[in-house]
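This briefing sets out the main features of the structure shown below.

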Amino acid sequence: MTVAALELSDVRKKFGQTEIIRGVTLTIGKGERHALIGPNGAGKSTTFNLISGRFAPTSGVVKLNGQSIAGLRPFEINRMGLSRSFQITNIFHRLSVFENLRCAVLWSLGYKYSFWHRLSALRDAKERADEVLELIGMQHRRNSQAGLLTYAEQRALEIGITIAGGADVILLDEPTAGMSRSESDHAVELIRKVTAGKTLVMVEHDMSVVFGLADRISVLVYGEVIATDTPEAIRNNRSVKEAYLGTTLDEHAEEGALG
Amino acid sequence: MESTTMQQSSAPVITGRTMRYRPLNLARWVIWSITALLMIVMPLIFTGGFAVTLMSQMGIMIIFALSYNMLLGQTGMLSFGHAVYSGLGAFIAVHVLNMVGAGKVWLPVSMLPLVGGLAGAFFGVLFGYVTTKKSGTTFAMITMGIGEMVFASSLMFPDFFGGEGGISTNRVVGESFLGLTFGPGRQVYYLIAIWCFVSMVAMYAWTQTPLGRIANAVRDNPERVEFIGYNTQRVRYLVLILSAFFAGIAGALSAINFEIVSAENVSAVRSGGVLLAAFIGGAGVFFGPVIGAIVFTLFAVALSDLTKAWLLYLGLFFVMMVMFVPGGIASLLLMQLPLVAKKQFGRMLPSYAQGAVAGVILLAAAILSVELIYKVQVDSANGTVMSLFGIAFDAGTLTPWIVAAVLWAIGCFAWRWAGSKVRAQLDAIQAETGGLA
């Protein structure tokens, strides 16, 4: 069996005396599109923070492509090939869209902390940034200040920054939150396009997005994974229905299947 | 071909793979050439000894303020102890200069700023390791602590720091090179000007490197930088070391210029001064601190000759800037660019002129009030007779106070009136041109 892209076993996180994540075990294969769903406060974002290095887990094992990453700093994990987006837009507000993307590709192209290269002479950085710019369809906003973009544009840029470095495991935290139906349809297409051939893990509340994109779904309730399965099986899973959305899950799922 | 939008009008048309920012580069060459030309020509126009001293100090302050802005404006690090690096650079430089004078080491005086820079960078490596572990407010507090620590040590180790009197030196050492002894003030000015120009170019070039751009990213959003592969702590540390290098150059130049270095060089007053200069000029723009340094030096050198209350004026000016023009003088200038680009600037001139008149009246009112109060409160032992703008009067009588009150009233009224004119004119232009970027 090949090595899993991401492997969590019995990951726990305590804040003070409160245990927020109570033993999450999850295996995500290479190239899989995996969705993490669950009610508010279930610990989805915290799980993301534990995987991406924002917080260190209290105990448990987190492996990226077979290598342990638990307790490493975010930039170390990023250099090993994992990149994430944020629920609240997290971009470089005073830089232009192009500069945002160029910043995001610099490390992966090996320029590190260089102060002896001229940015304008780095053709590979420029080309890669323009490539991502085209991928997220924002060529017309290339020189706009990122802080002045519309919300949907900022979300697209957020995804652009996340994938620009060429990481093969992508974590997206509620990529369509706050979007209108048409905007979120557009976002789903974008996500499908930019994560082709990569491993995707996403937290998402919008069930049509989840059922439209995911190969497998994990349901997180009170810091525990109560089920991991195909969308079809999750939809019919009795304990998921009881613990989570009840009948509304069905409605959302059908909506997703239609859309 | 796609239609280009407003934002792209300043960028060139994309033509295949060999895209170049030609117009932008041309503008840069022109600006740098004019800067160099000004630095060369200025002392030929203003030949007086005072003017040359003033310009020398401006040159030093420009390097210092720009180095400070590598932290504040470029990386978002508010430091209260930047004088530590310029000051310690100056102390090392002055000791090396004395060793050169004693014949113990060989070094041309013109290369002394490099020694100061390396010394500054060395202390950057040392102290920066501690300060840059944290960011934001914590960083600011630690820099303040380090600043106080170094200042306190300067009085504890008189061998190195020279105690109260400081360390004095003589810059005319070694054989003259092409007739340059650095004895005359103008030779020192040109030495400072060359180092100032080279430092400016180098610091500008730095903003166009990967580290320079990531520093901007750290300023905007340090958390996100960690998730694109960069250690923000390392970024802050490296920027601080580079910034300390340029601060050290400024310190060594001041050692050459004044031929004395004392505890004042590492004091919180110096650290505060460079913060004021960078902020007044505009920390958000590269050339902002250059303007700030020039204005600050005018206050500190020229104004201090005219009035004892110069610090009060500087403080008032700083408060006014923070409250009304938080982007600094540079932001005021940049606001005019779209007007100039649309050839509408001429239409603004009448209302700007009215604003200027109102400003002058207010300024006169402020100066008269400050000087009157200063005379009565601080300087009354020498009598209450004083003169201002060549007019002699007695601060003990009521008349000058009434004049001040009237000036205030007229000034405030005129300022509000001019302000509404400026706004109305701007609105009119915007309505006609469909908005300015």
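In this predicted model, strand β1 (residues 6-15) of chain A runs antiparallel to strand β4 (residues 59-64) of chain A, and five bridges join the two. Within this pairing, A:Leu8 lies opposite A:Val62 of β4(A).

**The antiparallel sheet of chain A**

- The sheet is open and has four strands in the order β2-β1-β4-β5 (chain A), with antiparallel pairing.
- Its edges are formed by β2 (18-28) and β5 (67-68) of chain A, each of which pairs on one side only.
- Helix α1 (residues 44-52) of chain A packs on this sheet and touches β1, β2 and β4 of chain A. The direction of α1 makes about 70° with that of β2(A).

- Strand β8 (residues 199-203) of chain A is largely enclosed by the rest of the structure, because five of its five residues are buried.
- A:Thr199, A:Val201 and A:Val203 point one way from β8(A), while A:Leu200 and A:Met202 point the other way; all are buried.
- Strand β7 (residues 169-173) of chain A pairs with β8(A) in the parallel sense over five bridges. In this pairing A:Asp173 stands opposite A:Val203 of β8(A).

**Strands β3, β9 and β10 of chain A**

- Strand β3 (residues 33-37) of chain A pairs with strand β9 (residues 216-221) of chain A in the parallel sense, over four bridges. The partner of A:Leu36 in β9(A) is A:Ser218.
- The pairing of β9(A) with strand β10 (residues 224-229) of chain A is antiparallel and comprises five bridges. A:Ile217 stands opposite A:Asp229 of β10(A).
- β9(A) and β10(A) form a hairpin with two residues between the strands, in which A:Tyr222 takes a positive phi near 50°.

**Helix α4 of chain A**

- A:Asp130 belongs to helix α4 (residues 123-135) of chain A. This residue, A:Asp130, is partly exposed, with 17 other C-beta atoms within 10 Å.
- A:Asp130 and A:Phe98 are 32 residues apart along the chain, and their C-alpha atoms are separated by 7.2 Å.

**Helix packing in chain B**

- Helix α2 (residues 49-75) of chain B packs against helix α10 (residues 232-258) of chain B at an angle of about 170°, with the axes 9 Å apart. The two helices, α2(B) and α10(B), are therefore roughly antiparallel to each other.
- Residues of α2(B) that meet α10(B) include B:Ile60, B:Phe64 and B:Leu71, and those of α10(B) include B:Leu240, B:Phe246 and B:Leu253. By class, the contact of α2(B) with α10(B) has 14 nonpolar, six polar and one charged residues.
- The axes of helix α3 (residues 83-101) of chain B and helix α5 (residues 136-156) of chain B come within 10 Å and cross at roughly 30°. That angle makes α3(B) roughly parallel to α5(B).
- B:Ala83, B:Val84 and B:Leu88 of α3(B) meet B:Ile146, B:Gly147 and B:Val150 of α5(B). The residues of this contact divide into five nonpolar, one polar and no charged.

**The interface between chains A and B**

- 33 residues of chain A are in contact with 28 residues of chain B.
- On the side of chain A that touches chain B, α2 (74-79), β6 (82-84) and α3 (97-106) of chain A each supply at least two residues. The largest share, five residues, comes from α3(A).
- The residues on this side of chain A comprise 14 nonpolar, 13 polar and six charged.

Note on methods: Residues numbered from 1 in each chain as written. Chains lettered and ligands numbered in written order. Predicted model: local features only at pLDDT ≥ 70, side-chain atom pairs only at ≥ 80, totals over all residues. Axes fitted to C-alpha atoms, helices over the stretch in contact; angles between N-to-C directions. Parallel < 35°, antiparallel > 145°, perpendicular 65-115°, else oblique. Contact = placed C-beta atoms within 7 Å. Nonpolar A, V, L, I, M, F, W, Y, C, P; charged D, E, K, R; others polar. Pairing = 2+ DSSP bridges. Buried ≥ 20, exposed ≤ 12 C-beta atoms within 10 Å, placed from the backbone.
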